[in-house]
Amino acid sequence: MPLSPEQQAEIDALRASPQPTLRAVAPGMEKHLYTARPVLDHGFVRVIDYMGDDAAICQAARVSYGKGTKSVQNDEGLIRYLMRHWHSTPFEMCELKLHVKLPVFVARQWIRHRTANVNEYSARYSILDREFYIPAPEHINAQSEVNNQGRGDVLQGEEAARVLEILKADSARCYDNYEAMISGDGQAGLARELARMNLPANIYTQWYWKVDLHNLFHFLRLRADAHAQYEIRVYADAICEMVADWVPAAYGAFEDYRMGAVTMSSQMVECLRRMLKGEAVTKENSGMSAREWREFEEVIA
């Protein structure tokens, strides 16, 4: 199950006793507090706490002359200017703390984003639950023929069933052996910090992850992208929906200037100029490698 009974009881107790506050709150984010958003088969994302809102970004940007202009239109225009010109520190004034339950192999990708504070469930002290990520049949893919780190076509029929059976059987066998090794029934029992090495990478872990908005946008730009691995992208998609409710002006600018924008090399720009002048530009006369030309075609298609 995504939430343990103890976690659900803690959440229910927190929701039942709201506290008055004088700090700035974002109504859009308040609705996400203490609510676990299911992700994958056993995972979730939930907001633990947050700081700041769209106004906090503008306040930081205008610190040199106080409150200044304060209309919604002016605030949104300022935020879009900051995003468009790659300003970072005003967005760092907002922070988000999440509780995430995710497969270990997804966590290993996620932790590559080093500009966050992380505290993970410890298998040295605690026993991990018997919960594994088993992909749905529509997410069992062959290796891509054009991308060494991507998926190809979905496996079908007996091949898909064979792969799923292997994943389920190996997960169960590894956990059975894990339990047997740490058992104190008639034996000393192996230390948990050693027994965990036998567990597969699809077992679930949990962590608290706290990050400022600037670095969160960088994470989302990479992990909510269509080219990102599905299993981390669905977490990023869930976080995107929360952030859109939290800082709608900043998220709108992020969508326009990061997610919906493209970056071109100087060679790509030159080829585009030649095309606009009516010249027939091909892969052979573009001066680009085959892969870069393919990426260029994706941009202008």
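**Entry 1: ground rules.** I take helices (H or I, at least four residues) and strands (E, at least two) from DSSP runs, numbered from the N terminus. The model is predicted: local features need pLDDT of at least 70, side-chain atom pairs count only at pLDDT 80 or more, and totals for chains, interfaces and linings use all residues. Residues are numbered from 1 along each chain as its sequence is written, and side-chain values use heavy atoms, with hydrogens and water left out.

**Entry 2: helix α11.** An α-helix has 3.6 residues a turn, so residues three or four places apart point the same way. I then checked contacts, meaning heavy atoms within 4.5 Å. Gly278 follows α11 and has a positive phi, near 95 degrees.

**Entry 3: two positive phi values.** Most residues other than glycine have a negative phi, and most peptide bonds are trans. I noted Tyr34, with a positive phi near 65 degrees. Tyr34 sits in the loop between α2 (27-30) and β1 and is partly exposed at 25% relative accessibility. I also noted Leu40, with a positive phi near 55 degrees. Leu40 sits in the loop between β1 and β2 (43-51) and is partly exposed at 23%.

**Entry 4: the sheet.** I count two strands as paired if DSSP finds at least two bridges between them. An open sheet of five strands runs in the order β1-β2-β3-β7-β4, with antiparallel pairing. Its edge strands, β1 (36-39) and β4 (117-120), each pair on one side only. β4 pairs with β7 (204-212) over four bridges, and Val118 has Trp209 in β7 as its bridge partner. Helix α8 (213-223) packs on the sheet, touching β3 (95-103) and β7, and its direction makes about 130 degrees with that of β7. For such angles, axes are lines fitted to C-alpha atoms, for helices over the stretch in contact, and the angle runs from 0 to 180 degrees between N-to-C directions.

**Entry 5: the core.** A nonpolar core is a set of buried Ala, Val, Leu, Ile, Met, Phe, Trp, Tyr and Cys residues joined through side-chain atoms within 4.5 Å. Which members of the largest core, with its 51 residues, touch the most other members? I found Trp110, Leu213, Leu216, Val243 and Trp246. Helix α9 (230-246) gives the most to this core, with 10 residues. Among the residues that Trp110 touches are Val100, Trp207, Phe219 and Ile239.

**Entry 6: salt bridges.** A salt bridge is a side-chain nitrogen of Lys or Arg within 4 Å of a carboxyl oxygen of Asp or Glu. I found 16 in the whole structure. Glu131 lies in the loop between β4 and β5 (141-143) and Lys101 in β3, so the pair ties together parts that are 30 residues apart in sequence. Glu131 is buried at 10% relative accessibility, and Lys101 is buried at 3%. Arg151 forms a salt bridge with Glu231, the closest N and O atoms being 2.7 Å apart.

Key:
Buried means under 20% relative accessible area, exposed over 50%, partly exposed in between (1.4 Å probe, protein chains only).
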